[in-house]
Structure formats: C-alpha cells, structure tokens
Amino acid sequence: MTGARRLEVLATGPLSTVQDAGRAGLAHLGVPRAGPLDRPAADLANRLVGNDPAAALLEVTLGGLEVRLVAATWVAVTGAPVPVAVGDRPVGLARAELVPAGAVLRLGVPATGVRSYVALAGGLDVEPVLGSRATDTLAGVGPPVLSPGQVLSLGTPTRPPAAAEAPAASPTGAPTGVLRVHPGPRLERLGPGALGELCATAYVVGAESNRVGLRLEGAPLARADAGELPSEGMVLGAVQVPPSGLPVVFLADHPPTGGYPVVAVVEPRDLWQCAQLRPGDPVRFSRAR
Amino acid sequence: MSPVRVRSFGPTALLAEVADAAAALALATWVREQGVTATDVVPAARTVLLDGLAPGEVAATAALLARWAPEPGGGPVADRGEAVEVPVVYDGPDLDDVAGLWGVTREEAVARHTGLELVSVFCGFAPGFAYLAGLPDGWAVPRLDSPRPRVPAGSVALADTWCGVYPSASPGGWRLLGRTDARLWDVERDPPALLAPGTRVRFVAVDP
C-alpha cells in the first residue's frame, strides 16, 4: 500500500462493492458467483479506461460515492446516469476522464436506474479470494463492502484509455421492464398454465430487491403452495416461486442451491435490466422466441 | 427406464434428475470425467445441475446424460483417500433430545454417531456446508420446530438422515450434537471446503 496508485474512500452511498468476472465454478462448494449485476455497463466502463473485461471495478448503488485518487488516474463511469464531478468540475459519463493527483471523484444520485460502474485504469488490486476480487453479499466471500476510510490499491494500466466516448452511459439503453423468459424445469409442479400466468401478470419491483434477487409484487401465482423440493442447483436468472406466489429472479449473489420450484429462466441478454429497475417500476415477462 | 431425467433449465443449463443423493454424486463425478464444458457441475439431493454450457452443446450434453447408468452396487461414490476425521466435543444442546428420539442413553448416542462412516454428497446452504449421507433411515430426526436465530460455527448437527457441520455462525434448524474446532472452510486451502463432495468423514469424540 506504499505506491501512489491507490484510492481513498470518502463516502460510499447506500452500497458500493468491488466486482469483477466473479467466481463461476464453485457452486458445488456453496459459493455464489457474484460479479456485476449490469455486466454490459461494467464491461463498457472497463473498455473505456483500457482495462481487460475481468478487471475489478466499483458497483455503486444509487450513487453517493466519493473517492480521492492519490495519483492521476483515468476513470470512466457507466450504468445508471449519475451526475459526476472531479473536484468542482462536472464531467461526462461513458468517457475516459483523467482525474488529477489528489482530486476527488464524486457521484451524485442517479435520476433513473440503480447501479453505476466506476472503472479505474489498471483495475482495483484488492486481494483475490478464490480467484476473484468480487464482493458476494450473500455468503460474505471476497472483499468487504466499501466503507469510508478504506484505501484500495490500483493495478498498473496496460493499455491507453479509449479515445472516443461511448454514445450513452448504458450500452443497452434504459430498461423497458419486459423480461423475456424460457420455460423453467419445474413447470409441472406449478401447473400447466403457470408460465402463461407469469407472463400475463403485471408486477412491480419490490423494495426488498438486492444483489441476491429481484423481488416482484403483484397477484400471487396460483398453485404456488406446491411445496418445497429437495434442494437443487440454481442458475442466474432463475425465477423461483416461493409459497407466497410472488416470483423472485435470482441475480449474481443468489444461493447456489434452492428448494422452491423454478417457473422460468430470464433470457441472459435481459438480465442487466434487473440491475437498473427501481422499486415500484413495472415488470412483465414475455416468452423468449 | 433411463435412470436420468434431463430437464432444460434456460438456454445454457440442464438439470439431470436421478434417484437420490448418492446417484447425484456418482453422476456429477461421471460428468466431470466426460470432459463436459459446463462451468459448474452441482450435485444436490436428487439432481445434478450443469450450468454454463455453450448454447450449441446443450442438446449433445442432454443426449450424453441420458446414456449414464449408475454402477451396480450403488452406495455413495467416495474418494479413494483416507476418511477425514473430525474431532467433536459432544456437549450439544440437542444431544439429550436426539438420544431420546433414538431410545438410547447419551453415551450410546455418541457411540452411534462416532461409529458411522459418512460421505459428503453435496454442499449448499453456505460455503463449505456439506450434506453428509450415511445415517440409517431408522435414525432420522426431525428438524427443530423453530430454527435457532444463531447456531455457532463448528456445530455438528443432524436433520432427517443428514449430518452437517456449520462452517460459520448462521441461523439453523438442525439438532446440535456437539462442536468441532476443525476448519470447515478456508479460502487459502484447495479445495476450500474440508468436506467437499465425495469426501468420506468420521467423527471422533474428544474432551472439551
């Protein structure tokens, strides 16, 4: 921690974590995968500062992050559109910006969306745990969530930042709230009409949603009292139906196994939306082609 | 009838359903030996999840799974290595209840538990929490009616015919027989789980 390439955490907002490609391959030991919830936005941020896609960056929930860069560092902010300032100077999203030595990078509160990504040239060089620097908020594997006073080292940049800015903070645009789904493995437990019922129901995002799951509120699915199954492996995007009948979409920190029937699986290309939908936002499911 | 029922689990995963946890462990071991390109192979109580398949390989992998047959003789497939010995201080708050359910004395209950050779068939619930099979059906014990808000790390516990050791403090509804100071989970070790699936396990009574 003697090098100048580091950042000091001054403020974190509601929740800021370190994320990278995650820990796929350890589910059989009970370890969640972790990783950024909006992977296209995270990948864009890394690309803009010249990092590999697997470089560790910050996932900032509802803004509020303030960090001081000890040495001059290229940064890029993507995802939920937040006001960004370097010192007192407002700067743009989705472009590489050089933060001078000693300056403070500040994120305001996003007008829409939930999660913004802050990539720093060279990537965050925190100690990897089981091959990844990602924070898993369910089982506590990986670095702790960010807190004021922490100092994080940065790696050495290997490539120059991108010359051009990206057309938008989110490479995927704003979420539509329409999630395409594939049939789940336990449809028969929930009745033949369960997938149609899921796709016909108007849901809103529940306030308890987090990195583990997107919780939905609306009319409960019938036959949700089909009971528990013996625990079985779960995938990213699995739509589990607990006895309440209110579906939960499993996100990056989901438990590797679960005992409630899965009615559907969200199309991987739509999962980023689950990172950006706010409590109260409408959600509908539609059959993937 | 094929011993495997293969279900689609989204565009990049398959769920293979088998008879029991021993078959799931055997199938998961076989899948790894076949060189299937899944990022995760997750045995569980009655299924094996193959996750992270390339979309173009899902159909061929489903066909491969359908060809699997369990080895005659059955039983949990265990590692060929020595059994891991886990030292236990048998002073758990539910030891008397378990002895009562079994109709034996406290000492006889400890002798029954230390006389078993168990096999880790899958992990779940928390990193390194292994579901250990090998308790006879007649010794099954019900979960607590009301789970404890906090079970200490290292607690050795029973539920149904499963035995487990809590790697870290957590809420839990299993019946606590005792405690161990064995490190169940250590991210510096490979594998980090002491009782990874396939590991044989024996419990040894020690003084506090």
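Student: How many residues of chain B are in contact with residues of chain A?
Tutor: This is a predicted model in which local features need pLDDT of at least 70 and side-chain atom pairs count only at pLDDT 80 or more, while totals for chains, interfaces and linings use all residues. Residues are numbered from 1 along each chain as its sequence is written, with chains lettered from A and ligands numbered from 1 in the order in which they are written. Two residues are in contact if their C-beta atoms, placed from the backbone, lie within 7 Å. Chain A contributes 24 residues to this contact, and the number from chain B is 32.

Student: Which element gives the most to the side of chain B that touches chain A?
Tutor: Helices (H or I, at least four residues) and strands (E, at least two) are DSSP runs, numbered from the N terminus. Strand 1 (5-8), strand 3 (40-43) and strand 4 (47-51) of chain B are the elements that give two or more residues to this side. With four residues, the one that gives the most is strand 3 of chain B.

Student: How many residues of that side of chain B are nonpolar?
Tutor: Ala, Val, Leu, Ile, Met, Phe, Trp, Tyr, Cys and Pro count as nonpolar, Asp, Glu, Lys and Arg as charged, and the others, Gly among them, as polar. On the side of chain B that touches chain A, seven residues are polar and four charged. The nonpolar residues there number 21.

Student: At what angle do the axes of helix 3 and helix 4 of chain B cross?
Tutor: The residues in contact include B:W102 of helix 3 and B:R106 of helix 4. Helix 3 (residues 95-102) and helix 4 (residues 106-114) of chain B have axes that come within 9 Å and cross at roughly 85°. That makes the two helices of chain B, with 65 to 115 degrees as the range, roughly perpendicular.

Student: Which residues of helix 4 of chain B are buried?
Tutor: A residue is buried if 20 or more other C-beta atoms lie within 10 Å of its own, exposed if 12 or fewer, and partly exposed in between. On the other side of helix 4 of chain B, B:E107, B:E108 and B:A111 are exposed. The buried residues pack against helix 3, strand 12 (175-179) and strand 13 (200-205) of chain B. They are B:A109, B:V110 and B:H113.

Student: Is B:V156 buried or exposed?
Tutor: B:V156 belongs to strand 9 (residues 155-159) of chain B. Leaving aside neighbours within four places in sequence, its contacts include B:V88, B:L177 and B:F203. Because 26 other C-beta atoms lie within 10 Å, B:V156 is buried.

Student: How far apart in space are A:A55 and A:E127, C-alpha to C-alpha?
Tutor: A:A55 sits in the loop between helix 1 (39-48) and strand 3 (57-61) of chain A. A:A55 is buried, with 27 other C-beta atoms within 10 Å. In sequence, A:A55 and A:E127 are 72 residues apart, whereas their separation in space is 13 Å.

Student: Which residue is joined to B:D190 by a cis peptide bond?
Tutor: The omega of this bond is about 0°.

Notes: Axes are lines fitted to C-alpha atoms, for helices over the stretch in contact, and angles run from 0 to 180 degrees between N-to-C directions. Angles under 35 degrees count as roughly parallel, over 145 as roughly antiparallel, 65 to 115 as roughly perpendicular and the rest as oblique.
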